[in-house]
Amino acid sequence: MKAEKLKDYKLNGKGAVSGDLPQYAGVHSTVFNPKYTFSNFVVGESNKKAYEAAKGVCKNPGTLYNPLLIHGGVGLGKTHILGSIANEYVNANAIVDVMFISCEIFTDDVIHSIRQKTLKTLENKYNALSMFLIDDVHFISNSEQTQEVFINIFHYFYERKKQIVLTSDKPPESLGNITESLKRCFKLGFLAEVLPPSMETKVSILQKKAELENIELSDDVVYFLASSLGSNIRELEGSLLKLSAHANFTGNSIDLEITKKLLKDLIMIKPDVVDIESILHVICQHFGIGINDISSTKRTKDVLLPRQLAMYILKRLTSLSFEEIGLQFGKDHSTVIYSCNQVERKLKDNEFLSKTIDKLMNKITKL
Ligand code: ADP
Ligand code: MG
């Protein structure tokens, strides 16, 4: 169904297609959920590969990345990327015969058709699409017949260079309950893993969400949330909404204290088992510099890195705010934030630094 036909159908306020649409045109879908867009998606090292492949799919469907399988843990943005492909592709090309469907609904559809003996009609319905996006394929029924139907549709798309995108919680070889033939299909294409976000990406996601939802958050709160909560982004969002609801209800702003109180069930607040002096002592000893140097205004190379690491480690191991950490070094909170971000950035491609930090933190926590 191409652009000229689109005018026959109305887009409702949320972008969802309404009207007398054929059954397959996004009816079961979250395609048109406006929340899932590339512009709302924060790109970091952890999801860059999947993001770029997804953009590639929109630009040149059915070519380089076909099929595209995005895999990774819960709450890491797979459905968001899948929805973004749908939204971008449909909007750019004014095409509505794109199906975005959860694998559970697909399975139900197949089981229903098997019972009704209408399998051929079902296959024709899916085969007629221009793009097929299927979410959470690990939920496909372990019935061989259901998987067979999926394989038929898959081959139909693959041979005609029509785009298929799949998501799953594991890479194909680790998927249980899935026949070898179906695994072979999944492996035919481009695999992109989404990994847990780094601290820096979590901070950017929280800032973006806060901006989108009009929630005012201090850097301290953002950093605290990013370092105390896990990597499930849905949980980060949930915490943010809880804070925002509280702020709206009470009219008070969100500070570190209220954040800790409201989210106490979700976060593991680290007790400050070690004092600042001891932490600094371990770091200075490791780098062979004096405690006075690390807290001085000296900007020579031999003290700059240890000072940045000290700020980073203090933030990781204590519940001190940026401001409080800054006081130890005669710096303001923005210098501490900058230092923590610098360390995060360096950690990405510096294995030696990452090992050094692990070693130091191990030593400190054993004090
Ligand atoms: P998954 O499908 O991997 O379980 P989702 O795509 O449902 O995860 O993501 C969970 C929530 O986190 C969604 O609300 C999504 O919008 C949001 N989210 C995930 N990754 C990002 C990101 N990189 N930038 C912005 N929001 C994200
Ligand atoms: Mg999902």
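Reader: How do the residues of the shell around ligand 1 divide into nonpolar, polar and charged?
Author: In this predicted model, the shell around ligand 1 has seven nonpolar, seven polar and five charged residues.

Reader: Which residues are the closest to ligand 1?
Author: Gly 75, Lys 78, His 80, Arg 234 and Glu 237 are the closest, out of 19 residues that surround ligand 1.

Reader: And which helices each supply at least two residues of that shell?
Author: Three helices do: α3, residues 78-93, α8, residues 199-212, and α10, residues 233-250.

Reader: What about side chains, say Thr 79 and Arg 234?
Author: The side chain of Thr 79 has an N or O atom 2.8 Å from an oxygen atom of ligand 1. For Arg 234, an N or O atom of the side chain lies 2.7 Å from a ligand oxygen.

Reader: How much of the accessible area of ligand 1 does the protein cover?
Author: On its own, ligand 1 has 560 Å² of accessible area, and the protein covers 96% of that.

Reader: Which pocket is the space taken by ligand 1?
Author: The space that ligand 1 takes is the largest pocket.

Reader: Back to Arg 234. Which side chain reaches its backbone nitrogen?
Author: That of Asn 232, at 2.8 Å. Asn 232 sits in the loop between α9, residues 219-228, and α10.

Reader: Is Asn 232 buried or exposed?
Author: Buried, because its relative accessible area is 17%, and the cut-off for buried is under 20%.

Reader: Backbone geometry now. Which peptide bond is cis?
Author: The one from Asn 66 to Pro 67, with omega near -10 degrees. Pro 67 belongs to the loop between α2, residues 48-59, and β3.

Reader: What sits in β3 itself, Ile 70 for instance?
Author: Ile 70 is in strand β3, which runs over residues 68-72. Ile 70 counts as buried because its relative accessibility is 0%.

Reader: How far is Ile 70 from Ala 54?
Author: Their C-alpha atoms are separated by 9.0 Å, and the two residues are 16 residues apart along the chain.

Reader: What is the phi of Lys 117, which is not a glycine?
Author: Positive, about 55 degrees. Lys 117 is found in the loop between α4, residues 103-116, and α5, residues 119-127.

Reader: Buried or exposed?
Author: Lys 117 is exposed, since its relative accessible area is 74% and exposed means over 50%.

Reader: And what is the phi of Asn 214?
Author: Asn 214 is not a glycine either, and its phi is positive at about 60 degrees. Asn 214 lies in the loop between α8 and α9. With a relative accessible area of 73%, Asn 214 is exposed.

Reader: Switching to helices. Where is Asn 292?
Author: In α13, a helix of residues 291-294. Asn 292 is exposed, with 67% relative accessible area.

Reader: What separates Asn 292 from Phe 329?
Author: There are 9.7 Å between their C-alpha atoms, and they are 37 residues apart along the chain.

Reader: Last one. Which helix holds Arg 184, and is Arg 184 buried or exposed?
Author: Arg 184 is in helix α7, residues 180-187. Arg 184 counts as exposed because its relative accessibility is 55%.

Reader: How far apart are Arg 184 and Pro 172?
Author: In space they are 8.2 Å apart, C-alpha to C-alpha, and in sequence 12 residues apart.

How values were computed:
Residues numbered from 1 in each chain as written. Chains lettered and ligands numbered in written order. Predicted model: local features only at pLDDT ≥ 70, side-chain atom pairs only at ≥ 80, totals over all residues. Heavy atoms only, no water. Near = heavy atom within 4 Å. Polar contact = N/O pair within 3.5 Å; in protein donor to acceptor, adjacent residues only side chain to side chain. Areas by Shrake-Rupley, 256 points an atom, 1.4 Å probe, with all protein chains shown as cover. 1 Å grid on protein atoms, 1.4 Å probe; cavity = no way out; pocket = protein on both sides within 12 Å on 5 of 7 lines; lining within 4 Å. Sits in = over half its atoms within 2 Å of the grid points. Helix = DSSP H or I, 4+ residues; strand = E, 2+ residues; numbered from the N terminus. Nonpolar A, V, L, I, M, F, W, Y, C, P; charged D, E, K, R; others polar. Buried < 20%, exposed > 50% of the residue type's maximum accessible area, 1.4 Å probe, protein only.
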